[in-house]
Every structure is written in C-alpha cells, then in structure tokens.
Amino acid sequence: MGVKQSDWVVAAADQVIAEGKRRGEGTPLVCASGISPSGPIHLGNLREIMVPHFVADELRRRGLECRHILSWDDYDRLRKVPAGLPASFAEYIGRPLTAVPDPCGEHGSWAEHFKIPFRAALAELGVEVEEISQTQMYTSGAYRQQILHAMRHRGQIDAVLGRYRTKKAASAAPDEGEEADEVAADGGGYYPYRPYCAVCSRDTTTVESFDEASTAIRYRCECGHQDGFALAETDGGKLVWKVDWPMRWAFEGVTFEAGGVDHSSPGSSFTVGSQVVREVFSGNPPSYLGYSFVGISGMSKMSGSAGGAPTPTEALGILEAPVMRWLYGRRQPRQSITVAFDQEILRLYDEWDALTRKVESGTATELDVAVRERSVGTAAGQLRSTPRALPFRTLASVADITAGNPEQTLRILRDFAGDEPLASLDDARPRLDRAQAWVNGYVPAEERTQVRGEADRERLEQLSPSQREAIKLLLDGLDEHWSLPGLTGLVYGVPKLQAGLPLDAPASPELKASQRELFVLLYELLVGRDTGPRLPTLLLALGADRIRALLTVA
C-alpha cells in the first residue's frame, strides 16, 4: 500500500489543501491547536499539538506557507486546584488563569507557570507554533465586534444549541466547557457571554439584560455585586466555549484542527461549533481529525507529577525527541497510544532502532521511511540525535550496574562498541542520559542491580561438580571471548561444551533448560538474586578480574 493511501499525515494535508481551494484561491492555510494552561500540561494535551504539527509540517515540506497557531486559553476560569498544588489556591477558583498568581512565585501568573516548561518541550521536539494569548485577545478588544455580533444573534445561537440539548441531556459527562454554555442561559434569556465580576474578578456571574442599541449589559455576581458596562467600549468577559471556538475559526481562518474524542462525538463541541460558525459567523468549520487518548504505563511514585498525569518534560527526560515524535506520529490519530515509563520502554527503543536499521538498509516500506523522516526532523531541519545509538537496554543495564560512574561506563561501552570504540561518552548522548534518568527515576529499588561486594563462599563450596565445571569453562573463556557478542556466545555455549558440543551447536530443549539453570546460578553468585540485567552485559560491566573474584572457588 502506498504512502498516499495509508499515511494519515499526507491524507490530512491533502484535505487541508482541498479546503483552502474550496474557500477560494489564495486562502491562507492555518492549522490550529488550543490548550488551557490550568495545570501541568500533560502528554494527552501534547497530542492536541502534535497532530496539527505533523500536518502543518507536511504542508511546509511541500513548499506551502502554513501557520500553526497555538491558542492559549488563558482567559478561561480556574476550575479546580490540580493535585499537588496548595489547597489555598481554591480562593482563586473562577478567576482568569492569567489573574491567578504563580504557585511558585517565579512567573507572572498561574498560566505562565505551566506554559514555560511546555514551551521548552515543544522546542526540543522541533515544534514551531505561533502563540496567541486569549487573555490578550479578549482584553485588548480584538474580539469586540465578534462579541457584539454573537450577542445580537444570541437567538440563532440558542436555537443551534437547542437542537443538541435534548440529545445530550441523557448522556453521561459533558465535554469540556459545556457546563459553562448551559449555565449562561438565565431565566430572562440566553446570553453567550459571561462577564468577569468587577469586584471579585470571578466568572460567577449571570447576565440580566443586554440593550442592542447602546450595547449596555447588566449582570449580577454570586458575591453580591451588580454592575454593567457597554460592550462596545469595555472588555471584561468572554464568550462561552461553544461560541468562542467557532468564533475563532472564523476570526483566524482556521483550515485544520484536531480535537479529543470528547469534542468529536455527535452533538459535542465540534458538531455544534460547525453549525454556529456557518449560521452565525458566516464562516466555515475546518478540516478536522479527532484523536484518541494517550495512555501511560509504569508511572511510579517517583514521578514529579505529584499524582497527576506526566508531562512532556518528564517524558523527554527518558525519551529522545525523535522517539517521542515517532510515538505521536506513527499511528492514526483515532488510535490510542501509550507512553512507557516502565520496562516497556526497552521494547519501544528496540522497535525504533529496528525501524532505523530497516530504513538504512533500504528494506523499509515507503510509509516507514516517511514516518521516520518526520520523526527525526521537520521542514526546518534535523533534530539532535545520538551519534552512536547503542541499544537503550544495554545503556540502562550499564547505568544500573555502574550507578552512573562515568569512568566505568566509558570502559564498558568501549568494550561493547567493538571495532569502533567510543571516543567519549558524548558519542552515546543524549540516549545515555535518557537511560540513566530512566534507571534512576523509574526502576524500583528492589529491581536495581546490587553486585556482591565479595564472593559467597558458602554457596561456592556447595556447588555440584557439574556447576563447578560450568563456572570453570566460563572463566577460562573470558579473555578469548571478551566482547558482547563473544560473551553472549560463551554464556549460552557453556552447557553445549559440557555436553561435548561446539559453541555454535543448535540448542535442544534439554540444552535450553541447562542454560536457564546456569543463568540462575550466575545471577545468584554475582548479584544475589535469580534475575538481573542481561548476563553478557553484566559480565562486561563487572570486568574479568571482578568476575573471577566472585566466581572462583577458594
């Protein structure tokens, strides 16, 4: 199957081009993302960025101009205090995120506190966006005419929403922002605008009246304050979500956007917004892709998320940027993806390295080549890569065994690299740093490797003649087979030698059983338990002298 038929990025880019042509020659191509910085911006939020990013990047690779805008929904209310942050911040619930202080006191606002690390993660991922602060847009009066238009056409908007209220009434949970849309309806009529109170700065307000001629609006707040102002002259509130979103489609001329499954089902925000933008704002809904959830495996208490979902910054601490891009780009948006923080990360890196080998050998499919190409770089250039990408599982084992000691790490990796030894640890970075961070941050203490400080003399004295022979064969062969491939052949080959077979003899079921017994014995004698890192890597890490000290019978 060719790229055109199976590559979701190519298909989406084609649709965006078609949408632009449908709107008229010369229509700017605009991909949009929107994120509310109400708490730590997690890996699920990142998909909101990555899906449009891949599409915008594909358009740029074709030589087309394309904006990728990131609308920060920082004029949204603070809904709740995220886990791990001071409960005292509950007093700010209902205020705009940009009017809530930074919980750490380092940045200008609550919103900026969460934007800054996310910006750094996007830069590392090679994602370029044009940021738009909704606080700035609303408070500067940029949307003043759109707000007045919505208020004057509130009957039309209410009619559109009314088509879906009955359908949604029996559904379980509303999508994000839906509650605000419905609460905006007062007994005196529907108003798609919610002022922030001039006294308490919260959005716990209800519009009581609006005069279309003078644009005067009157509202009351739960704090007891009642007030009013002219919408044509003052900016003190925002449109409710299901009106705000389509208004921005028309305002920015958005031709592509992606949204989570909660926004994509029948009767949800996208469905309603598509009707509102056509019937009220005389605009067009964008070409659209719904995306599924991002799952997490192996997030332990050692995470910095303090009980919340992990962030891109945390993931980039253990995943190289190209691997992270590959995770988000290799599957269709409608398919869920899982970011691994546990042992699954070893398999993930193995799969990535296998893809790289296929591409380099010319055996990869056209789609595989395209996916890898957009993982390692963008239309603007290549991302940072590891010069010598040694297997992640090997680097993790070495990091575990050496506890990060740089001299020991370099010695082992030089032995591992064989005919082309590393000049320095920088040759193995940043992957080496990611492996060390994973071992230190996500491997439970009980699974870490603790090499014995001295030989277990009692256990050695109890060895059977066959076990003594196996250890002697291993020790005698160390110098001749001192490389990772050589030690691999040796540890698997000792039972073969004991059976009078050559090292390269195929393993029978009986030989496989003997190999497992030898592995358990060696783990017990070297690290005091019956499992551990791959034996060849462990042996290479320990060095021949220490192996002999731990395995030699006095």
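**Burial and helix packing**

Modeller: Please bear in mind that this is a predicted model. At 0% relative accessibility, Thr-255 counts as buried.

Colleague: In which loop does Thr-255 lie?

Modeller: Among the residues that Thr-255 touches, leaving aside those up to four places away in sequence, are Val-16, Arg-23, Leu-29 and Pro-286. As for its position, Thr-255 lies in the loop between helix 9 (241-252) and strand 11 (256-260).

Colleague: Which elements do the buried residues of helix 4 pack against?

Modeller: The buried residues of helix 4 (residues 110-124) include Trp-110, His-113, Phe-114, Lys-115 and Phe-118. At the start of helix 4, a side-chain oxygen of Ser-109 comes to within 3.3 Å of the backbone nitrogen of Ala-111, and the helix is followed by Gly-126, with a positive phi near 75 degrees. The buried residues of helix 4 pack against strand 1 (29-35), helix 3 (43-61), strand 2 (66-72) and helix 12 (312-316).

Colleague: How is helix 20 oriented relative to helix 21?

Modeller: Two packed helices are described by the angle and the distance between their axes. The axes of helix 20 (residues 465-477) and helix 21 (residues 484-498) come within 9 Å and cross at roughly 130 degrees. Helix 20 is therefore oblique to helix 21.

Colleague: How do the residues of the contact of helix 20 with helix 21 divide?

Modeller: Ser-466, Glu-469, Ala-470, Leu-473, Leu-474 and Gly-477 in helix 20 meet Leu-490, Val-491, Val-494, Leu-497 and Gln-498 in helix 21. The residues of this contact divide into 7 nonpolar, 3 polar and 1 charged.

Notes:
Residues are numbered from 1 along each chain as its sequence is written. This is a predicted model: local features need pLDDT of at least 70, side-chain atom pairs count only at pLDDT 80 or more; totals for chains, interfaces and linings use all residues. Side-chain values use heavy atoms; hydrogens and water are left out. Buried means under 20% relative accessible area, exposed over 50%, partly exposed in between (1.4 Å probe, protein chains only). Helices (H or I, at least four residues) and strands (E, at least two) are DSSP runs, numbered from the N terminus. Contact means heavy atoms within 4.5 Å. A polar contact is a pair of N or O atoms within 3.5 Å; within protein, one must be able to donate a hydrogen and the other to accept it, and residues adjacent in sequence count only if both atoms are side-chain atoms. Axes are lines fitted to C-alpha atoms, for helices over the stretch in contact, and angles run from 0 to 180 degrees between N-to-C directions. Angles under 35 degrees count as roughly parallel, over 145 as roughly antiparallel, 65 to 115 as roughly perpendicular and the rest as oblique. Ala, Val, Leu, Ile, Met, Phe, Trp, Tyr, Cys and Pro count as nonpolar, Asp, Glu, Lys and Arg as charged, and the others, Gly among them, as polar.
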